[in-house]
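Here's a quick look at the charged pairs in this model. Have the coordinates open while you read.

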Amino acid sequence: MIADFAELCTYLYVVTDEAYQDVAAPYDHRPGPRSVFTDSEVITLTLAAELLGLAAEGRFLGYLRRNHPTLFPLLPERSRYNRRRRQLVAVTNRIRGAILGRLWRVLEREGRALCVVDSVPVPVVGYHQAAGDHRWWGEADFGRVPSKKQRVYGFKLHLLISHCGLILDFALAPANHHDGALTAQLLADKAGLTVLGDKGDVNGDLQALLAARNGLTLLTPKRRDQREQLPPAVTRAINSFRQVIETVNSQLVEQCQLQRNRAKSLSGLCARVQAKLTAHTLGLYLNHLLGRPLRALMDLALI
């Protein structure tokens with residue numbers, strides 16, 4: 001059991017550094033001396049901040065200096081920490097992939113074969129301010145969020161999530177991109193899965209292609225005007241299982257502050273998104289190691 005913040009950081013560091021030595025250290029050929037504050041420590045702090053909901057770097061580093069001065073005695077100042085965190089984006093994502101692979105191998109069969117796709121909005125500018133001059137011009141765009149009957153300016157994070165809540169793949173795209181096109185991208189290299197979509201993924205040609213080429217079944221609710229309807233029991237099962245992705249979306253938005261990301265550029269946004277997804281994956285992995293419910297991530301927010 002993880003009892004406090006220091007133990008959480010210890011667990012995160014051990015898992016992160018073990019994965020780092022496998023997927024990053026053998027390929028690190030940077031010249032010159034290494035920083036005394038290691039890459040594994042930078043990534044550990046990044047992930048801890050996301051799990052705690054303290055993504056504001058100055059606030060988080062200030063908390064560490066005030067309350068845990070001996071935990072990370074060589075803590076860098078904020079601007080250097082920010083630069084190194086962004087330089088380690090690719091490494092952080094490789095660590096996520098390594099931990100995901102470990103967790104995937106120990107899941108029960110039903111936890112692996114059944115998945116769901118959905119998207120969550122990632123606004124970057126207030127809707128009414130988006131028409132003026134701003135730094136996101138030409139990168140972000142307007143988009144609809146049908147579930148909330150609102151429009152946003154920014155991006156959408158498209159997710160493929162397993163039955164247990166493990167994020168298997170993702171794509172970040174401007175908010176005006178159609179969900180169905182990103183579903184095709186997320187599933188292009190997947191095989192043998194049963195994937196639940198929503199009405200935006202209704203596409204007979206795509207469903208037939210995935211079935212023939214990938215051995216993959218994409219199930220979607222039927223529109224009211226479609227002649228053939230799914231059996232009521234199947235529709236209820238789809239709606240019930242989609243609650244899993246609602247839980248994951250809530251964790252990303254509320255605990256990891258996905259929609260209050262403070263990004264000032266596309267590269268900064270990508271760094272923050274990948275850190276949040278990696279923190280989510282490691283949170284599930286820590287719960288697995290501790291024999292706890294995988295999705296009980298709020299119990300790790302020990303501050």
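## Ground rules

Buried is used for under 20% relative accessible area, exposed for over 50%, and partly exposed for anything in between (1.4 Å probe, protein chains only). The model is predicted, so local features need pLDDT of at least 70 and side-chain atom pairs count only at pLDDT 80 or more, while totals for chains, interfaces and linings use all residues. Residues are numbered from 1 along each chain as its sequence is written, and side-chain values use heavy atoms, with hydrogens and water left out.

## Counting the pairs

Side chains of opposite charge can pair when their charged atoms come close. Here, a salt bridge is a side-chain nitrogen of Lys or Arg within 4 Å of a carboxyl oxygen of Asp or Glu. That rule gives 11 salt bridges.

## Two links between helices

Helices are DSSP runs (H or I, at least four residues), numbered from the N terminus. Glu57 pairs with Arg85, with 2.7 Å between the closest N and O atoms. Glu57 sits in helix H3 (residues 57-67) and Arg85 in helix H4 (residues 78-87), so the bridge ties together parts 28 residues apart in sequence. Glu57 is buried at 9% relative accessibility, and Arg85 is buried at 8%.

Glu50 and Lys276 also form a salt bridge, at 2.9 Å from N to O. This one links distant parts of the chain, 226 residues apart: Glu50 is in helix H2 (residues 39-52) and Lys276 in helix H10 (residues 266-289). Glu50 counts as buried at 5%, as does Lys276 at 2%.

## A charged network

Asp28, Arg30, Arg34, Asp39 and Arg84 are joined in a salt-bridge network. Within that group, Asp28 and Arg34 pair up with their closest N and O atoms 3.4 Å apart. Asp28 is buried at 19% relative accessibility, whereas Arg34 is partly exposed at 43%.
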